[in-house]
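User: I am new to this structure and would like a close look at one part of it. Could you walk me through the sheet and what packs against it?

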Amino acid sequence: MRLANLSFRYARRTPWVLHDVDLDLPPGTVAEVTGRNGAGKSTLLRILAGTTHPSRGSVSDRPPVVGYAPEIFPVEQPFTVSTYLTRMAAVRGVSPSAIGPWIERLAMDTFRDVPLSELSKGSAHKVGLAQALLAPPGLLILDEPFSGLDAQTRAELPQLIDEVAGGGGIVVVSDHQGGLADHPGAVHLKVENGTVRPAQPTGPLHSTGTHSSFGSNSGIHSDSESDSDSESDSESGSGSGSNSGSGSGEGGEPTDRLPGKAVIEILVDAADAESVARRLQAEGYAVVIRTEVR
Ligand SMILES: Nc1ncnc2c1ncn2[C@@H]1O[C@H](COP(=O)(O)OP(=O)(O)OP(=O)(O)O)[C@@H](O)[C@H]1O
């Protein structure tokens, strides 16, 4: 998977969050993404997942099955845990029986019949992880997965990540807590001033035969340039699961947006929900998306 000359800002005349990013993520890569608050980690992860489209540049060779666990799982959905996961299995095109092993492995049995809205933060986080893993992902995006997890699941997570990578999947993890700081074979990326660079100290890059390469750039540009480019005004669309998207062209318009109706409720960060919902409503999506999930 490759990002080429990728730039992103949330709207015209606002600062670039990412600028001229080049990044190769070969199959089997485990990448830990760090950076200060607000640096653009979640934005980068959403672009990788395909839920946000670049303003400029391209994303190519995204694996066809994407699992994305946002930083905050959106619990405002009228399902119990098992009902939600069963529906997600259907959305992902896997058997309902696929949920059982994840309920067991992530120690979710005690709250499988609890409504999502009544879950603790840590339990909700596990549901977010489980939905991302239901269909074996070729690309697994985990936004702060170690946050709020119980010790057992926290200890399990590196193994889970290695299993995905061992099968040739790409795993990208935003990791404020340093859960993968010493992870064998992981590459370490830092988002800083709109760039994505190898982090210091750089981890043992190639012990599992994986590698990444990076492009750099000259930092964040304020918007003094002409708006005559064909940049999109905003992030567009959300969706994942079996999203086979390969990103967007220069115009920021997805070349292959799937309906993704049922996926959006799962993927939108709670912290972003209000603004994303506004944008979706402005584009005529939101009601349809929610109706589809039900
Ligand atoms: N939906 C949005 N609309 C407009 N601006 C946004 C939106 N989401 C994030 N931003 C802004 O984009 C920048 C990057 O945010 P992002 O959430 O990607 O950073 P982050 O590194 O993940 O931060 P944190 O560690 O605090 O989660 C920030 O300045 C943030 O305020």
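Analyst: Happy to! Let's begin with terms: two strands pair if DSSP finds at least two bridges between them. Strands (E, at least two residues) and helices (H or I, at least four residues) are DSSP runs, numbered from the N terminus. This is a predicted model, in which local features need pLDDT of at least 70 and side-chain atom pairs count only at pLDDT 80 or more, while totals for chains, interfaces and linings use all residues. Residues are numbered from 1 along each chain as its sequence is written, and side-chain values use heavy atoms, with hydrogens and water left out.

Now the sheet itself. It is open and made of 6 strands, in the order β5-β6-β7-β3-β8-β9, with mixed pairing. At the edges sit β5 (66-69) and β9 (195-198), each of which pairs on one side only. From one strand to the next, the twist averages 20° (axes are lines fitted to C-alpha atoms, for helices over the stretch in contact, and angles run from 0 to 180 degrees between N-to-C directions).

Let's go through some of the pairs. Strand β6 (residues 139-143) runs parallel to strand β7 (residues 170-174), and 5 bridges join them. L142 has V173 in β7 as its bridge partner. β3 and β8 are also paired in the parallel sense, over 4 bridges, and here E32 has H188 of β8 as its bridge partner. β8 and β9, by contrast, pair in the antiparallel sense over 4 bridges; the bridge partner of K190 is R197 in β9. The hairpin of β8 and β9 has 2 residues between the strands, and N193 takes a positive phi near 50° there.

What packs on this sheet? Helix α1 lies across β3 (30-34), β5, β6, β7, β8 (187-192) and β9, running at about 160° to β6. Helix α5 (residues 151-166) packs on the sheet too, touching β3, β6 and β7, and its direction makes about 145° with that of β7. Contact here means heavy atoms within 4.5 Å.

Helix α1 also leads us to the ligand. With 4 residues, α1 (residues 41-49) gives the most to the shell around the ligand; a residue is near a molecule if one of its heavy atoms lies within 4 Å of it. A polar side-chain atom of K41 is 2.7 Å from a ligand oxygen atom, and a polar backbone atom of S42 lies 2.8 Å from an oxygen atom of the ligand. Polar contacts are pairs of N or O atoms within 3.5 Å; within protein, one must be able to donate a hydrogen and the other to accept it, and residues adjacent in sequence count only if both atoms are side-chain atoms.
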